[in-house]
Amino acid sequence: MVEEKFEFTAKTKKNLFIFMGVGVLLTIIGIISVSMGGGHHELEGDAGHHAFHWYQRVFANLWINNVFFAGLSLVGVLFFAIQYAAQAGWSAGIKRIPLSFGAWIPFAAVLMLVTYFVAGHDIFHWTHHDLYDVDSPGYDSIIAGKGAYFFWPLEAGSFPIFFLGRMVIFFLVWYLLFNKLKQVAYEEDSISGTEKWYQLRKLSAFFIIFFAVSSSMASWDWVMSIDTHWFSTMFGWYNFASWWVSGLALTALIVVLLKDKGYLKIVNSNHIHDLGKFMFAFSIFWTYIWFSQFLLIYYANIPEETIYFVERWKNGHYAPLFYLNLIINFFFPFLVLMTRDAKRHARFIKVIAPMIIVGHWLDFYLMITPGTLKSNGGFGALELGLMFIYSGAFIFVVLKQMAKAPLFAKNHPMLEESLHHHI
Amino acid sequence: MAQESNYLVGVYEDEDVLLKAIKHVRDGGVKIHEVYSPFPVHGIEDALGYRRSRLSIVAFLFGLLGTSLALTMQFGMMTIDWPMIIGGKDYAPVPSFIPVTFELTVLLASFGMVGTFMIISNLKPWGKPKLFDKRITDDKHIVAVDLGKNDVDEVAISKLFQDSGASEVNKKTL
């Protein structure tokens with residue numbers, strides 16, 4: 001096979017900048033309309049609650065995008081690692097595309113830390129000091145009981161060193177492992193033989209094990225802790241499923257778009273079929289996890305658990321989005337991707353993959369917004385704008401990474417197998 | 001009992017020869033009844049010009065039947081025939097119906113698919129398999145041609161078999 005190198009053209013860059021520009025414009029429009037009181041529920045009269053400010057909605061949205069895109073970049077690296085750990089041959093020609101998602105990890109880390117320090121107090125209820133003070137009227141014995149999870153070894157209510165330490169260590173290890181994987185993978189361009197492949201397999205195993213634990217804890221920290229009283233033992237899986245299927249959809253989308261541009265001659269409709277099957281299967285997997293969490297809570301009917309769905313499903317504010325979430329992420333991919341032809345043709349992938357990605361962004365919206373903004377949340381130009389900015393920046397970083405090395409290693413020991421992939 | 005017919009059977013030793021032979025025989029205008037081999041041969045469906053199996057459509061239809069059966073049963077029992085409040089839910093608690101619906105869908109889809117497959121491939125318990133040559137369970141590949149369904153005469157087919165590397169050509173009535 002001839003080596004292929006992706007060229008990040010000025011035209012693509014310009015398009016991405018225009019896209020982000022539209023995002024900035026929408027964000028400004030959104031901020032204006034929210035701060036002018038285009039929003040609702042400004043009449044919050046009760047003394048216990050703080051008045052709603054427009055920037056809280058910006059903060060919540062920043063957090064949604066931070067979490068979503070950090071997860072997306074991680075599952076890209078995870079996909080790469082799984083291919084090595086499972087000794088998969090079919091994917092030899094496309095592995096570097098999801099690997100490139102990892103280039104976002106450092107940006108995600110910085111953005112997340114900065115957002116925490118600027119907006120953490122508005123996003124996370126548990127950051128409020130009076131919750132942990134027995135003498136204060138705001139004392140909350142349940143949250144105080146969970147204090148050590150955020151503040152250990154310091155006193156509860158002070159600086160959340162355990163929480164932030166986890167965040168920093170996770171990002172650090174993810175980044176270091178991604179860097180190492182990337183470095184060894186790029187050496188396959190010049191060194192032939194199986195030595196690099198074995199080295200990558202070992203590194204991949206480390207990454208997978210670390211990711212299994214860290215992604216689960218990260219989802220408790222970053223998402224579940226917003227609804228501090230509430231808990232779900234399935235939450236790590238649920239978040240992972242959401243990230244993973246959007247990562248698969250993004251990989252499939254980039255593969256078919258690159259093929260349209262004349263790259264990736266090594267990829268035929270059998271590879272697309274496999275990616276399509278991945279999207280189909282993991283859309284169902286996500287639904288399975290989502291429904292398992294939902295059904296147990298619905299059926300047991302314990303108030304401290306059902307509150308989560310009361311806020312989302314039975315709240316007129318979020319109910320339409322709650323149903324939309326299921327339609328985009330389950331019914332749509334399930335019915336469309338069921339046939340073999342839909343999985344094999346780029347035409348279908350180009351429609352369904354963006355839907356899945358947006359759908360799972362919406363899933364994170366539904367996890368984060370009702371907890372942070374209560375009934376002050378909404379969906380408008382602000383949400384779209386920030387999503388445009390983040391996704392534009394994410395794609396920019398990923399494409400830049402992809403352009404740094406050939407799209408696949410010509411010395412990969414399984415390239416021949418991938419070339420003859422036939423299902 | 002199915003009508004007996006005359007078959008001409010070409011025996012091949014090697015799967016690569018077999019694949020070429022299939023092409024050769026088909027190019028000679030002969031319709032192949034069936035090919036038997038002791039192990040799966042890659043690319044044989046393409047060589048035989050088989051269309052994609054429609055078994056998945058059967059599976060979908062059986063699945064749909066399972067879904068409707070499950071929903072009819074549950075709404076019929078729990079909502080219409082004997083409405084009961086269980087666990088504080090209303091008479092039509094759709095989420096609680098989903099697991100049963102899912103299970104029946106999967107059950108009927110898989111049973112329906114397996115059953116259909118067994119019937120169309122003559123694997124039903126009362127079905128009598130057509131065994132053209134015992135050695136197909138060991139080391140020989142065979143190509144069977146139904147003489148009654150071909151316009152090409154026996155000698156010409158036999159020649160096509162031999163030209164494409166058959167180790168023997170047998171006549172068989174089943």
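**Two chains and a helix pair**

From the N terminus on, chain B runs β-α-β-α-α-α-β-α-β, which gives five helices and four strands. Helices and strands here are DSSP runs, numbered from the N terminus (H or I, at least four residues, for helices; E, at least two, for strands). The model is a predicted one, in which local features need pLDDT of at least 70 and side-chain atom pairs count only at pLDDT 80 or more, while totals for chains, interfaces and linings use all residues. Residues are numbered from 1 along each chain as its sequence is written, and chains are lettered from A and ligands numbered from 1 in the order in which they are written.

Turning to overall dimensions, the C-alpha trace of chain B spans about 80 × 35 × 30 Å along its principal axes. Its radius of gyration is 25 Å, whereas a compact globule of 174 residues would have a value near 16 Å. This radius is taken over C-alpha atoms, and the globule rule is 2.2 Å times the number of residues to the power 0.38. Chain A, by contrast, has 16 helices and zero strands. For its 423 residues the rule predicts a radius near 22 Å, and the 22 Å of chain A agrees with a compact globule. The C-alpha trace of chain A spans about 70 × 45 × 45 Å along its principal axes.

In chain B, an unreviewed UniProt entry annotates residues 57-77 and 97-120 as "transmembrane region"; such annotations may be inferred rather than shown by experiment, and their positions are given in the numbering used here, with feature names shortened. Residues 57-77 of chain B are 100% helix and 0% strand, with end C-alpha atoms 30 Å apart. Residues 97-120 of chain B are likewise 100% helix and 0% strand, and here the end C-alpha atoms lie 34 Å apart.

Within chain A, helix α4 (residues 105-123) packs against helix α7 (residues 161-187) at an angle of about 165°, with the axes 9 Å apart. Axes are lines fitted to C-alpha atoms, for helices over the stretch in contact, and angles run from 0 to 180 degrees between N-to-C directions. The two helices of chain A are therefore roughly antiparallel (angles over 145 degrees count as such). On the α4(A) side, Ile105(A), Pro106(A), Ala109(A) and Met112(A) meet Met167(A), Phe171(A), Trp174(A), Tyr175(A) and Phe178(A) of α7(A), contact meaning C-beta atoms, placed from the backbone, within 7 Å. By class, this contact has nine nonpolar, no polar and no charged residues (Ala, Val, Leu, Ile, Met, Phe, Trp, Tyr, Cys and Pro count as nonpolar, Asp, Glu, Lys and Arg as charged, and the others, Gly among them, as polar).

Conventions: Parallel < 35°, antiparallel > 145°, perpendicular 65-115°, else oblique. Contact = placed C-beta atoms within 7 Å.
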